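Q: Can you walk me through the aromatic side chains in this one? I'll ask as we go.

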Amino acid sequence: LILRQSQPLNLESPFGALDGFITRNENFFVRCHFPIPEISRDTWRLKITGEVQRAIELNWDDLRAMPETSVTATIECAGNGRVFLTPHVEGAQWERGAVGNAEWTGVRLTEVLQRAGLTASAREVILSGADRGEIESPPRPGGEIHYARSLSVAKANDDVLLAWRMNGQELSPAHGFPLRAIVPGWYGMAAVKWLSAITVTAEPFHGYYQSVDYAYWQRESGAPSLVPITAMQVKAQIARPDPAEQVPVGQSYLVRGAA
Ligand SMILES: Nc1nc2c(c(=O)[nH]1)N[C@H]1C(S)=C(S)[C@@H](COP(=O)(O)O)O[C@H]1N2
Ligand SMILES: [Mo]
């Protein structure tokens, strides 16, 4: 992995090493906004509150007693390839490797939501991580915040997974131990790691990583409006040859890439 930042930890995958459909765990990029929280399974809890029939708290055993399922899904950071943008854009200067594909195992979010029961006014599902810290550059909220992102109730009940295994191995601390969300088809910012709270709301969420960061101006009808980034755009990327690689003339060469 290529070190982009050590505190918080940001590691890029060597995209040129792409050699198959699944990204090995040791090659999987790491994107963190805050220090990695230390969590013990014994004291970890998942709280589900807000627009629910009954607020509930699940411990590790409660969660593991629920039906287990697996899904293969790509995580791409919305900032992948940022270094190639002109003009220059602030933020982690990712090259091609802020992306990976893995098989995730866990319980479907809809199963967990059913335990609590959504009310008729439920509209969004906010996922919060145990990691927290202060935002340095303005515009910023004062004081500490937790990493948090919301999903529509429709997406939450569709194909979102709460995962505890990655390619058959227990999640590592960097990838969200003990539990993270996997939001198939959406950019990585939605895949909340170190999941500790689920809050169901009747109103759209306007948290920091939803409105200031990971949002874009959409000019659809009338005035531009700030919209949270969600679904991934179609993309294809060449792994080999590498941008700096010299390719021999007159010989066959196997080009590799991913879409
Ligand atoms: N709690 C929490 N979840 C998080 C983040 C974070 O900083 N904190 N980063 C998000 C972003 S921007 C991305 S791209 C993915 C990266 O997942 P990975 O580190 O397992 O590759 O995690 C997402 N989930
Ligand atoms: Mo990201």
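**Aromatic rings**

A: Let's start with Trp-104, which is buried, with a relative accessible area of 0% (buried means under 20%, exposed over 50%, partly exposed in between, using a 1.4 Å probe and protein chains only). This is a predicted model, where local features need pLDDT of at least 70, side-chain atom pairs count only at pLDDT 80 or more, and totals for chains, interfaces and linings use all residues. Side-chain values use heavy atoms, leaving out hydrogens and water, and residues are numbered from 1 along each chain as its sequence is written.

Q: OK, how many aromatic pairs does the structure hold?

A: Nine. Rings of Phe, Tyr and Trp (its six-membered ring) pair if their centres lie within 6.5 Å; planes under 30 degrees apart count as stacked, over 60 as edge-to-face and the rest as tilted.

Q: What kind of pair do Phe-28 and Trp-104 form?

A: Edge-to-face, at 5.8 Å centre to centre with 85° between the planes. Phe-28 is buried too, with a relative accessible area of 2%.

Q: And Trp-60 with Trp-164, why edge-to-face?

A: Their planes are at 75°, with the ring centres 6.2 Å apart, so the pair counts as edge-to-face.

Q: Is Trp-60 buried or exposed?

A: Buried, at 11% relative accessibility. Trp-164 is also buried, at 2% relative accessible area.

Q: Switching topic: which residues form the aromatic cluster?

A: Phe-34, Tyr-147, Tyr-208, Tyr-209 and Tyr-214.

Q: What lies over the face of Tyr-253?

A: Arg-240, at 4.5 Å from the ring centre. The cut-off is NZ of Lys or CZ of Arg within 6 Å of the ring centre and within 35 degrees of the ring normal.

Notes: Chains lettered and ligands numbered in written order.
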